[in-house]
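Thanks for making time for this one.

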Amino acid sequence: MTQYATRPMALVLAATAIFAAMPAFGADYPVRPIRFVLGFAPGGASDTMARIIGTRLSEGLGQPVVIDNR
């Protein structure tokens, strides 16, 4: 095969990959709420800051953000 014969095959493979991925473009991401895991106890300064950041993230991303203290 010459290099000119492989170019159409590469174009066909690229087009197939693009059309196969098209249903994924319509999916909403993320489907579940975003979980923000915090490694400190609730009620402290880090928890307060995480909740402020979580509120801003929720507004900016349009998805709910849940603070999970561990």
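What you see is a predicted model, in which local features need pLDDT of at least 70 and side-chain atom pairs count only at pLDDT 80 or more, whereas totals for chains, interfaces and linings use all residues. Residues are numbered from 1 along each chain as its sequence is written, and side-chain values use heavy atoms, with hydrogens and water left out.

On confidence, the mean pLDDT of the chain is 79, and 70% of its residues reach 70 or more; pLDDT here is the predictor's confidence in each residue, from 0 to 100.

The chain holds two helices and two strands, and from the N terminus they run α-β-α-β. These elements are DSSP runs numbered from the N terminus, with helices being H or I of at least four residues and strands being E of at least two.

Of the 70 residues, 13% count as buried, where buried means under 20% relative accessible area, exposed means over 50%, and partly exposed lies in between, with a 1.4 Å probe and protein chains only. The chain exposes about 5,800 Å², of which carbon and sulfur atoms supply 67%; the areas come from the Shrake-Rupley method with a 1.4 Å probe, and for residues only the protein chains shown count as cover. If we take contacts, meaning heavy atoms within 4.5 Å, between residues at least 6 apart in sequence, 63% join residues at least 24 apart.

Now to helix H2, residues 45-61. At 1.5 Å a residue, its 17 residues should span 24 Å, and its end C-alpha atoms are 24 Å apart, which agrees; the expected span is 1.5 Å times one less than the number of residues.

Which residues of H2 are buried? They are Asp47, Ala50 and Gly54, and they cover an arc of only 55 degrees around the axis, which puts them on the same side of H2. That arc is taken over the directions from the helix axis to the C-beta atoms. On the other side of H2, Ala45, Arg56, Glu59 and Gly60 are exposed. The cover over the buried residues includes strand E1, 34-38, and strand E2, 65-69. Just after the helix, Gly62 takes a positive phi of about 75 degrees.

Asp47 counts as buried because its relative accessibility is 6%. Its side chain reaches the backbone nitrogen of Gly43 at 3.2 Å, and a polar contact of 3.2 Å joins the side chains of Asp47 and Asn69. By polar contact I mean a pair of N or O atoms within 3.5 Å, where within protein one must be able to donate a hydrogen and the other to accept it, and residues adjacent in sequence count only if both atoms are side-chain atoms. Not counting residues up to four places away in sequence, Asp47 touches Leu38, Ala41, Pro42, Ile67 and Asn69.

Phe36, in strand E1, counts as partly exposed at 28% relative accessibility. Leaving aside neighbours within four places in sequence, Phe36 is in contact with Ala50, Val65, Val66, Ile67 and Asp68.

Finally, Arg51, in helix H2, is partly exposed, with a relative accessible area of 40%. With neighbours within four places in sequence left aside, Arg51 is in contact with Ile67 and Asn69.
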